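Q: Hi, I've just opened this one and would like a quick tour. Could you start with how the elements are named?

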Amino acid sequence: MIFLKSHQEIEIMRVANRVVSEILAELREVARPGVSTSEIDRLATELIRKKGARSAFKGYQIRNGTVPFPATICISLNNEVVHGIPSAQRVMKDGDVVSFDFGVIYKDFYGDAAMTFALGKVSDDAARLIATTAAALEEGIAQATVGNRLGNVSAAIQKRAESEGFSVVREFVGHGVGRRLHEDPAVPNYGVRDRGVRLREGMVIAIEPMVNAGKPDVQLQDDGWTAVTRDGSLSAHFEHSIAITEKGPLVLSRL
Ligand code: MG
């Protein structure tokens with residue numbers, strides 16, 4: 001069931017997503033070689049409180065009986081695709097490919113965004129992977145217009161990623177977002193044009209390509225959360241929350 005949002009609800013979601021993107025920008029400034037991922041998590045927790053919001057991820061369970069996510073932010077390094085758990089033992093170093101995925105709850109609505117960046121000097125392939133994933137997200141967003149089908153969003157992302165020789169992850173997908181972190185519809189990063197649900201004014205979706213330098217397959221680590229590439233290749237992840245409006249896609253999480 002897809003919940004359409006009113007103008008007032010979209011305004012609240014705009015604030016929620018601004019909180020997300022402002023905090024992400026601050027965390028990016030602090031991320032440098034020698035800083036542990038748990039230091040970033042601590043700062044994220046402090047900043048959320050200062051802005052009067054709550055963590056969307058801490059304690060989140062995929063379903064009843066699964067391990068609750070133990071931190072405020074997901075930090076995934078190098079071959080980690082998504083859902084990396086911050087730890088004092090994980091110290092970022094020069095040459096790392098770092099992904100931050102972050103969400104908050106503000107006035108009962110969720111904001112959700114993610115970004116990947118290189119710390120210091122990385123290989124040309126790593127830089128191209130990051131740039132391609134960011135570009136794939138933008139091409140998906142451009143298709144998020146009233147009357148278009150969701151498959152156009154998915155196909156645009158897949159085409160861009162695969163045109164560079166990369167692959168898109170199948171196990172994790174984007175999603176509707178609103179009073180819940182994950183609502184209908186699912187937003188895959190692969191698909192066929194002119195298929196899927198028709199986009200309507202008031203839908204809000206999180207589009208989040210996860211692109212691997214190698215094969216698309218992922219596997220789950222023993223911590224119950226961290227997903228890594230099965231072949232050990234690098235992975236990148238970008239996400240924006242977007243409202244579908246008559247005036248075109250409104251990227252709520254863009255500063
Ligand atoms: Mg998301």
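A: Helices (H or I, at least four residues) and strands (E, at least two) are DSSP runs, numbered from the N terminus. This is a predicted model, so local features need pLDDT of at least 70 and side-chain atom pairs pLDDT 80 or more, while totals for chains, interfaces and linings use all residues. Residues are numbered from 1 along each chain as its sequence is written, and side-chain values use heavy atoms, without hydrogens or water.

Q: Great. Which strands each supply at least two residues of the lining of the largest pocket?

A: Those are β7 (174–176) and β8 (183–187). The largest share comes from β8, with four residues. A pocket is an open set of points on a 1 Å grid over the protein atoms alone, with protein on both sides within 12 Å along at least five of seven lines, and lining residues have an atom within 4 Å of a point.

Q: Which residues are closest to the centre of the largest pocket?

A: Ile62, His83, Phe172, His182 and Trp225 are the closest, out of 30 residues that line the pocket. The space in the largest pocket is about 650 Å³, where a volume is the space filled by probe spheres set on points joined across faces, edges and corners.

Q: His83, you say. Where is the place of His83?

A: His83 sits in the loop between β3 (80–82) and β4 (97–106). Its phi is near 65°, a positive value in a residue other than glycine.

Q: Is His83 buried or exposed?

A: His83 is buried, because its relative accessible area is 18%, and buried means under 20% (exposed is over 50%, partly exposed in between, with a 1.4 Å probe and protein chains only).

Q: Which other residue has a positive phi, near 60°?

A: That would be Asn78, again a residue other than glycine. Asn78 lies in the loop between β2 (73–77) and β3. At 18% relative accessibility, Asn78 counts as buried. For context, most residues other than glycine have a negative phi, and most peptide bonds are trans.

Q: On that note, which peptide bond is cis?

A: The one from Asp184 to Pro185, with omega near 0°. Pro185 is part of strand β8.

Q: Switching to the metal: what are the protein donors of the magnesium ion?

A: Asp112 (OD), His175 (NE2), Glu208 (OE) and Glu239 (OE), at 2.1 to 2.4 Å from the ion. Their spacing in sequence is D-x62-H-x32-E-x30-E. Asp112, in strand β5 (residues 109–118), and Glu208, in the loop between β9 (204–207) and β10 (210–212), are 96 residues apart, so the pair links distant parts of the chain. Donors are N, O and S atoms within 2.8 Å of the metal (3.2 Å for Na, K and Ca), and sites may look incomplete because water is not among the atoms.

Q: Why does Asp112 count as buried?

A: Because its relative accessibility is 3%. Glu208 also counts as buried, at 6%.

Q: How about the second largest pocket, what lies nearest its centre?

A: Ser21, Ala114, Met115, His240 and Ser253 do, among 15 lining residues. Two or more residues of that lining come from each of α1 (7–30), β5 and α3 (124–142). The volume here is about 190 Å³.

Q: Last one: what does Phe100 touch?

A: Not counting residues up to four places away, Phe100 touches a set including Leu24, Leu27, Ile40, Ile73, Ile75 and Phe117. Ala114 and Met115 are also among the residues it touches, and those two came up at the second largest pocket.

Notes: On a 1 Å grid over the protein atoms alone, a cavity is a set of points where a 1.4 Å probe fits but cannot get out, and a pocket is an open set with protein on both sides within 12 Å along at least five of seven lines; lining residues have an atom within 4 Å of a point. Contact means heavy atoms within 4.5 Å.
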